[in-house]
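Student: Please walk me through this model, one question at a time.
Tutor: Here it is; we start with a term.

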Amino acid sequence: MADVLIMNEIEATVGRLGIDLSQVDYDSIRLPPGEDFGIVSDDDDVYQDDQLEFDSGFGNIIVVDNLPVVPREKYEKLEGVIRKIYSQIGVIKEEGLWMPVDPESHKTLGYCFIEYNTPQEAEVAREKTNGYKLDRAHVFVVNMFDDFEKYMKVPDEWAPPEFKPYTPGENLQKWLTDEKARDQFVFRAGQDTEVHWNDARQAKTELVYKRAYWTESFVQWSPLGTYLATVHRQGAAVWGGATTFNRLMRYAHSQVKLIDFSPGEKYLVTYSSHEPSNPRDANRVVINIFDVRTGKVMRDFKGSADEFAIGGTGGVAGVSWPIFRWGGGKEDNYFAKLGKNMISVYETETFSLIDKKSLKVENVVDFCWSPTDPILSLFVPELGGGNQPARVSLVQIPSKEELRQKNLFSVSDCKMYWQSNGDYLAVKVDRYTKTKKSTYTGFELFRIKERDIPIEVLELDNKNDKIIAFAWEPKGHRFAVIHGDNPRPDVSFYSMRTANNTGRVSKLTTLKGKQANALFWSPAGRFIVLAGLKGFNGQLEFYNVEELETMATAEHFMATDIEWDPTGRYVATSVTSVHEMENGFNIWSFNGKLLYRILKDHFFQFLWRPRPPSFLTPEKEEEISKNLKKYSKKYELEDQDVSMLLSEQEREKRRMLKEEWEKWVSEWKLLHEEEKLERQKLRDGEASDEEEEYQAREIEVEELLEVSEEVLSFEFGQE
């Protein structure tokens with residue numbers, strides 16, 4: 001067996017052969033049977049576990065028990081009934097239905113075997129027909145054929161589990177104790193995934209961890225920053241730590257395509273889609289909900305893609321993602337899915353429907369959870385040609401009590417936006433004009449924490465303006481709107497409370513003619529980046545909403561993504577590989593100063609590591625904000641020390657450059673002196689090297705190179 005090649009040897013080899021690794025189709029590579037060339041995959045054990053049902057070759061066979069026992073003359077009739085039931089679910093193979101018969105009585109034995117084309121069809125058949133009531137005396141009991149092999153392996157006598165001594169693991173929050181109060185980020189470029197510290201004071205990054213082929217598609221931080229998730233063909237995995245990034249848990253889910261964490265990091269949702277054997281059927285969807293710490297499947301959902309295609313904002317193969325939306329804040333108590341004329345709300349204590357039934361809402365098309373409380377906001381469009389108005393309702397969970405309802409008329413579309421603290425809900429309503437030929441937009445603003453949940457109506461100064469973007473200030477009471485039909489739209493800022501009137505929405509200012517189509521608030525509020533992406537080619541404006549002034553304008557040409565760090569001190573702008581040029585990212589200060597720039601070919605993804613919420617109370621945070629000068633003295637001194645260190649480093653760098661230059665000059669002087677006699681000889685004995693002491697003369701030298709004679713023929717009549 002060949003020795004294992006380390007990564008730099010592989011890169012050196014492919015570089016010598018002129019091979020671009022990013023263009024290699026690894027799925028097409030097939031090793032000889034039983035040979036892995038010494039390269040053992042980290043996921044081999046998961047893959048082997050996941051393939052157990054297929055290794056035996058019976059994963060596509062089910063056993064249907066508790067069938068009627070019938071004589072020979074009724075055999076064909078019973079077989080026809082069973083085939084009719086099970087052929088509706090999938091394609092039964094030719095001679096794929098076998099019903100054993102007692103050789104003595106010539107009666108059936110009360111069970112049969114059914115073989116489908118694929119294991120997925122067999123699994124669906126088991127789920128949908130286990131417990132199927134053929135008649136009062138015959139209720140089907142359906143199992144996978146491979147399950148019998150598992151049951152046969154159960155030992156007859158119980159044996160106590162093997163005792164494993166406790167070994168303390170790494171503190172997964174250790175990275176939060178960084179003495180420099182730095183934040184981490186992860187990025188993917190080419191085949192590498194790298195985690196770095198953002199050392200903005202030093203205007204550079206510091207590598208924490210780097211690994212090639214760490215994931216097969218993307219990486220994702222958990223909402224509180226504890227875990228980094230990677231995605232593989234055999235399933236997902238989570239990693240953690242400050243510097244080591246050890247693997248903490250694996251989640252077996254073949255061909256997983258998407259993942260989603262619950263807000264409190266207790267659960268991980270995985271999604272896969274499988275093509276059916278019949279092209280006319282919808283894709284087969286499998287969704288698992290895992291306990292993040294134990295890796296146990298708490299609940300799974302399986303069905304056709306059509307069953308999961310309602311709601312959501314984006315996904316794959318016609319399925320919106322995330323399919324399940326989490327509610328109840330960081331406690332992860334509830335999750336819900338939008339269905340046809342209903343919202344299915346589950347609680348995580350038993351992972352079953354609340355009250356064992358879905359919330360029936362005729363024609364519901366969208367819903368959102370409050371970020372902090374178990375409150376659902378839902379939207380129902382107009383019915384009966386406008387005879388029944390559209391409405392937005394707030395529903396308390398788990399009681400399912402309707403807290404507030406607002407009827408809306410002449411509605412063409414509606415979008416709901418919750419403020420991060422759950423204090424406010426903004427509903428953007430697009431309405432038809434009286435002629436029905438055009439629409440205009442307004443906002444319904446719900447004050448969730450106030451008595452009876454009062455609602456305000458807000459219309460723009462020009463209500464015909466198109467709304468391009470809307471965003472709440474995190475943890476605050478302000479919001480921003482980009483609006484207008486011009487190539488340079490306007491940006492307006494509003495507040496839900498002012499010093500003079502705490503109960504009315506008021507406009508703070510409007511910025512005219514901005515090259516912006518996206519809004520990015522600082523996580524700490526107060527500051528915002530007005531960004532012009534796509535057609536605006538990466539225009540950036542850093543704006544202070546507190547002082548209503550522009551701090552800086554800049555450009556990151558062709559920028560595709562913008563993300564604030566979790567503390568609101570720094571902003572990352574990046575150009576991913578959707579563009580072929582200038583791939584990489586820039587790090588900016590909150591006030592728009594470019595700190596440093598990193599260029600990376602084939603740049604795919606950049607993500608800041610999230611931080612958990614502060615343990616400080618809002619009152620304490622406000623007190624710190626008011627007395628910031630008092631607390632900032634310590635850090636100002638540290639900044640001075642860093643600045644002096646940087647100055648000293650810069651002086652040392654200049655000193656070294658000067659010494660290097662002087663050394664180079666002295667070497668050339670020495671060489672010049674050694675060649676003095678040679679120069680003197682070339683000048684016919686003249687010793688001086690000064691050009692002014694010589695007179696330049698031009699001398700023409702003619703040299704006869706060759707003489708040849710040639711006899712030319714001359715004919716009569718030629719001239």
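Tutor: A charge sits over a ring if NZ of Lys or CZ of Arg is within 6 Å of the ring centre and within 35 degrees of the ring normal. This is a predicted model, in which local features need pLDDT of at least 70 and side-chain atom pairs count only at pLDDT 80 or more, while totals for chains, interfaces and linings use all residues. Residues are numbered from 1 along each chain as its sequence is written, and side-chain values use heavy atoms, with hydrogens and water left out.

Student: Over the ring of which residue does the charged end of Lys 463 sit?
Tutor: The charged end of Lys 463 is 4.6 Å from the ring centre in question. Arg 325 is another such case, lying over the face of Phe 367 at 4.5 Å from the ring centre. For Lys 463, the ring is that of Tyr 440.

Student: How many salt bridges are there?
Tutor: A salt bridge is a side-chain nitrogen of Lys or Arg within 4 Å of a carboxyl oxygen of Asp or Glu. By this rule the count is 36.

Student: How many residues apart in sequence are the parts that Glu 123 and Lys 302 tie together?
Tutor: Glu 123 and Lys 302 form a salt bridge, with their closest N and O atoms 1.9 Å apart. Helices (H or I, at least four residues) and strands (E, at least two) are DSSP runs, numbered from the N terminus. Because Glu 123 lies in helix 5 (residues 119-129) and Lys 302 in strand 17 (residues 297-304), the parts tied together are separated in sequence by 179 residues.

Student: Which helix holds both Glu 659 and Arg 655?
Tutor: These side chains meet in a salt bridge of 2.4 Å, N to O. Glu 659 and Arg 655 are 4 residues apart, about one turn, in helix 8 (residues 628-674).

Student: Is Glu 659 buried, exposed or partly exposed?
Tutor: Buried means under 20% relative accessible area, exposed over 50%, and partly exposed in between (1.4 Å probe, protein chains only). Glu 659 has 42% relative accessibility, so Glu 659 counts as partly exposed.

Student: How are the rings of Trp 214 and Trp 239 arranged?
Tutor: Rings of Phe, Tyr and Trp (its six-membered ring) pair if their centres lie within 6.5 Å; planes under 30 degrees apart count as stacked, over 60 as edge-to-face and the rest as tilted. By this rule there are 45 aromatic pairs. The centres of Trp 214 and Trp 239 are 5.5 Å apart and the planes are at 80°, so the pair is edge-to-face.

Student: Are Trp 214 and Trp 239 buried or exposed?
Tutor: Trp 214 lies in the loop between strand 9 (204-212) and strand 10 (219-221), and Trp 239 lies in strand 12 (residues 235-240). Trp 214 and Trp 239 are both buried.
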